[in-house]
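Welcome! Have a look at the picture, then read on.

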Amino acid sequence: VVTSLEQLALDALVEAERASDATTVVGFGGGTAVDAAKYVALRTGKDAVVIPTALGGLAPFSTDVARR
């Protein structure tokens, strides 16, 4: 669970995903989870599936990633 998009946390997620044999990154939750999943997928070259649980903007439908 990612509660903050700090660079060290994102880097750790990317490394964990690279070490896995998964082919898809799934983001389930609000904007932070969706942005983290898109970032990890982008950095690892894997497909991303995002399942937003709250729609407050267009984040699930864009390729933009917000880093805080």
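## Helices and strands

Along its sequence, the protein runs in the order α-β-α-β. That pattern is built from 2 helices and 2 strands; helices (H or I, at least four residues) and strands (E, at least two) are DSSP runs, numbered from the N terminus. Please keep in mind that this is a predicted model, in which local features need pLDDT of at least 70 and side-chain atom pairs count only at pLDDT 80 or more, while totals for chains, interfaces and linings use all residues. Residues are numbered from 1 along each chain as its sequence is written, and side-chain values use heavy atoms, with hydrogens and water left out.

## The whole protein

How much of the protein counts as buried? Of its 68 residues, 26% do; buried means under 20% relative accessible area, exposed over 50%, and partly exposed in between (1.4 Å probe, protein chains only). The accessible surface comes to about 4,400 Å², and carbon and sulfur atoms account for 57% of that. Such areas come from the Shrake-Rupley method with a 1.4 Å probe; for residues, only the protein chains shown count as cover. Contact means heavy atoms within 4.5 Å. Among contacts between residues at least 6 apart in sequence, 58% join residues at least 24 apart.

## Where two helices meet

Helix H1 (residues 7–19) packs against H2 at an angle of about 55°, and their axes are 9 Å apart. Axes are lines fitted to C-alpha atoms, for helices over the stretch in contact, and angles run from 0 to 180 degrees between N-to-C directions. This angle makes H1 oblique to H2, because angles under 35 degrees count as roughly parallel, over 145 as roughly antiparallel, 65 to 115 as roughly perpendicular and the rest as oblique. On the H1 side, the contact includes Leu10, Val14, Glu17 and Arg18, and on the H2 side it includes Tyr39 and Thr44.

## Two residues of H2

Helix H2 spans residues 31–44, and Thr44 is found in it. Lys38 is also in helix H2. Here are their accessibilities:

| Residue | Relative accessibility | Class |
|---|---|---|
| Thr44 | 18% | buried |
| Lys38 | 10% | buried |

Which residues does Thr44 touch, leaving aside its neighbours within four places in sequence? Thr44 is in contact with Val14, Glu17, Arg18 and Val25. As for Lys38, its C-alpha atom is separated by 9.5 Å from that of Ser62, 24 residues apart along the chain.
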